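Please open the model in your viewer and keep the sequence panel beside it. The stops below say what to select next and what is found there.

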Amino acid sequence: VKTGFVSLVGAGPGDPELITLKGARAIEQAEVILYDRLINPRLLDLASPLATLVNVGKAPGECGRPRQETINALLVEYARRGRRVVRLKGGDPFVFGRGGEEMLALREAGIPYEVVPGISSSIAAAGAAGIPVTHRGLSNGFAVFTAQSAADEDSVPWAAAACCPTLVLLMGVEALRRVVDRLISNGKPGDTPVAVIERATWPEQRVVIGQLSEIIRKMSNINPPATIIIGEVVSLHPTASELSEMLLEYADQP
Ligand SMILES: C[S@@+](CC[C@H](N)C(=O)[O-])C[C@H]1O[C@@H](n2cnc3c(N)ncnc32)[C@H](O)[C@@H]1O
């Protein structure tokens with residue numbers, strides 16, 4: 001019996017050129033690809049015309065979105081049928097991507113697998129907006145949290161988060177008001193610079209800059225997916241015209 005194989009592949013943040021060579025090769029060789037909502041569909045052009053493409057990530061609110069258990073079971077099932085499977089996930093599979101759960105399901109089922117890391121939006125969003133997450137003299141470290149769990153006060157160590165030189169928040173658009181309250185009540189100054197980067201590295205990338213105390217008002221028309229950067233490094237952001245020149249690079253992709 002032919003043994004299948006699963007590659008958990010990070011697709012990067014959006015720009016299809018930001019996938020790794022190893023990830024692109026895995027797509028080319030795949031017989032089955034289970035892909036997420038946030039990946040750039042142009043990456044699927046790399047697949048063989050014979051490959052089976054399965055969308056397992058419908059938009060939030062759309063019904064029929066497969067549950068994680070179903071995705072795990074599909075990975076195992078295709079591999080047991082001897083298929084070469086790619087699980088293509090936005091950013092890096094192990095950064096808020098539930099890639100760990102998929103890896104454990106494969107391991108438990110005795111399916112051989114590999115992990116192909118990807119460029120996570122937690123770093124790429126800042127980079128694409130011209131903001132270094134660390135910078136000598138301004139920030140000697142950064143931490144990444146999901147803001148989605150902000151309703152549960154114990155899930156994020158707020159006092160520690162408030163002291164982080166650079167704080168990166170994913171899934172934060174809806175929860176940001178609570179995050180701002182928690183950070184300010186834990187001592188983060190209201191004038192700390194904040195950047196909200198929507199659809200980083202996509203042609204429609206947008207960046208909103210403000211201070212912690214005013215960012216909610218300023219980002220009222222920002223939609224997910226967006227990454228939020230909080231810290232003095234944000235003050236290094238390029239001017240709007242410099243940024244639009246950077247954005248042209250994305251817009252000009254063939
Ligand atoms: C479920 S998490 C997955 C993160 C992914 N595994 C990664 O490493 O980038 C989804 C969140 O990632 C962030 N995100 C993903 N793609 C993004 C992009 N192109 N620009 C800004 N943020 C993005 C947003 O915060 C979004 O809500």
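How many bridges join strand β1 to β4, and do the two run parallel or antiparallel? Select residues 5-10 for β1 and residues 84-89 for β4: the two strands run parallel and are joined by six bridges, where strands are DSSP runs of E with at least two residues, numbered from the N terminus, and pairing requires at least two DSSP bridges between them. Along this pair, S7 stands opposite V86 of β4.

This is a predicted model, in which local features need pLDDT of at least 70 and side-chain atom pairs count only at pLDDT 80 or more, while totals for chains, interfaces and linings use all residues. Residues are numbered from 1 along each chain as its sequence is written, and side-chain values use heavy atoms, with hydrogens and water left out.

Now colour β4 by accessibility: five of its six residues are buried (under 20% relative accessible area, 1.4 Å probe, protein chains only).

Then move to the largest nonpolar core, which has 26 residues; such a core is a set of buried Ala, Val, Leu, Ile, Met, Phe, Trp, Tyr and Cys residues joined through side-chain atoms within 4.5 Å. Among the members that touch the most others are L167, L183 and I230. Helix α6 (176-185) gives the most to this core, with four residues.

Finally, return to V9, Y35 and V86, which are included in a second, separate core of 17 residues.

How values were computed: Buried means under 20% relative accessible area, exposed over 50%, partly exposed in between (1.4 Å probe, protein chains only).
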